[in-house]
Amino acid sequence: MRFGINESDVLFLNDADAFLLGELQNSFAPRAVGITLGTGIGAAFAIDGRSVPATEILPNNCDLHLLPWKGSTVEEFVSARGIIRLHEDRKGSHRSVKEIAENCRADAIAADTMSTFGEELGLVIETYLLPFVPDAIILGGSISRSPDSFLPNALFAAPALSGLLKVSSHFEQAALIGSIAEWLLRLG
């Protein structure tokens with residue numbers, strides 16, 4: 001009872017799970033996936049509005065960021081680090097994902113970087129998340145704030161994602177909304 005809080009009133013929830021549950025408060029999808037794109041990549045799954053551990057869905061009882069991809073892991077390709085590496089490999093001059101995304105219209109290297117990132121994202125989703133047969137896949141995190149820079153190529157690389165991919169409607173607030181919803185649900 002440290003800090004005057006009863007331990008039974010404390011709930012721990014993965015940030016990607018909280019994000020997805022928050023997004024599902026606006027619209028219902030019987031089977032949903034949430035993907036957080038930022039410094040790393042996170043994935044969450046829900047069936048009938050209830051969180052399901054990623055390790056129960058994904059191969060090898062693993063989280064998405066640790067799954068193998070092109071001789072490394074998914075996170076090495078689909079994350080801010082992956083975008084920066086792609087941009088540096090192309091001799092690009094921008095130093096942050098935000099700069100790269102903002103300069104896509106005027107800078108061919110930035111545009112190519114984000115297009116390639118979109119292709120990788122689409123293929124990762126197709127490979128690891130489509131077997132879950134989701135009704136919706138919701139993208140959140142800071143990178144998802146620039147969907148025009150990568151989403152067309154994600155859909156080109158993986159056409160089966162058309163109609164499934166959606167961009168967050170709550171962004172940072174989604175995790176808070178989801179945490180509150182889960183706490184209230186468990187409260188009962």
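This is a predicted model: local features need pLDDT of at least 70, side-chain atom pairs count only at pLDDT 80 or more; totals for chains, interfaces and linings use all residues.

S168 touches F19, E23, I138, L139 and G140, leaving out residues up to four places away in sequence.

**Around S168 and V167**

- S168 sits in the loop that links β7 (165-167) to α8.
- With a relative accessible area of 6%, S168 is buried.
- Its side chain makes a polar contact with the side chain of E23, at 2.4 Å.
- V167 belongs to strand β7, and at 29% relative accessibility V167 counts as partly exposed.
- Not counting residues up to four places away in sequence, V167 touches I138, L139, S144, P147 and L151.
- V167 and G140 are 27 residues apart in sequence, yet their C-alpha atoms are 6.4 Å apart in space.

**Helix α1**

- Helix α1 covers residues 15-23, and eight of its nine residues are buried, so the helix is largely enclosed by the rest of the structure.
- The buried residues are A16, D17, A18, F19, L20, L21, G22 and E23.
- These buried residues pack against the strands β1 (31-37), β2 (41-47), β3 (50-52) and β6 (136-140), and also against helix α8 (172-187).

- Five strands make up an open sheet with mixed pairing, in the order β3-β2-β1-β6-β7.
- β3 and β7 are the edge strands, each pairing on one side only.
- From one strand to the next, the twist averages 30 degrees.
- β1 and β6 pair in the parallel sense over five bridges, and V33 stands opposite I137 in β6.
- β1 and β2 run antiparallel and are joined by seven bridges; T36 has G42 in β2 as its bridge partner.
- Three residues separate β1 from β2 in the hairpin that the two strands form.
- β2 and β3 pair in the antiparallel sense over three bridges, with R50 in β3 as the bridge partner of I47.
- β2 and β3 also form a hairpin, this one with two residues between the strands, and D48 in the turn has a positive phi of about 50 degrees.
- Six of the seven residues of β2 are buried, so this strand is largely enclosed by the rest of the structure.

- Helix α6 (residues 108-129) lies across β1, β2, β6 and β7, and runs at about 145 degrees to β1.
- The largest nonpolar core has 43 residues, and L37, L64 and F117 have the most contacts inside it.
- At least two residues of this core come from each of β1, β2, α3 (74-77), α4 (80-89), α5 (97-102), α6, β6 and α7 (151-157).
- Helix α6 supplies the largest share of this core, eight residues.
- Leaving aside neighbours within four places in sequence, L64 is in contact with I41, A43, L58, V74, V124, Y128 and L129.
- Another core, of eleven residues, lies apart from the largest one, and F19, A29, A44 and A136 are among its members.

Key
Residues are numbered from 1 along each chain as its sequence is written. Side-chain values use heavy atoms; hydrogens and water are left out. Buried means under 20% relative accessible area, exposed over 50%, partly exposed in between (1.4 Å probe, protein chains only). Helices (H or I, at least four residues) and strands (E, at least two) are DSSP runs, numbered from the N terminus. Contact means heavy atoms within 4.5 Å. A polar contact is a pair of N or O atoms within 3.5 Å; within protein, one must be able to donate a hydrogen and the other to accept it, and residues adjacent in sequence count only if both atoms are side-chain atoms. Two strands pair if DSSP finds at least two bridges between them. Axes are lines fitted to C-alpha atoms, for helices over the stretch in contact, and angles run from 0 to 180 degrees between N-to-C directions. A nonpolar core is a set of buried Ala, Val, Leu, Ile, Met, Phe, Trp, Tyr and Cys residues joined through side-chain atoms within 4.5 Å.
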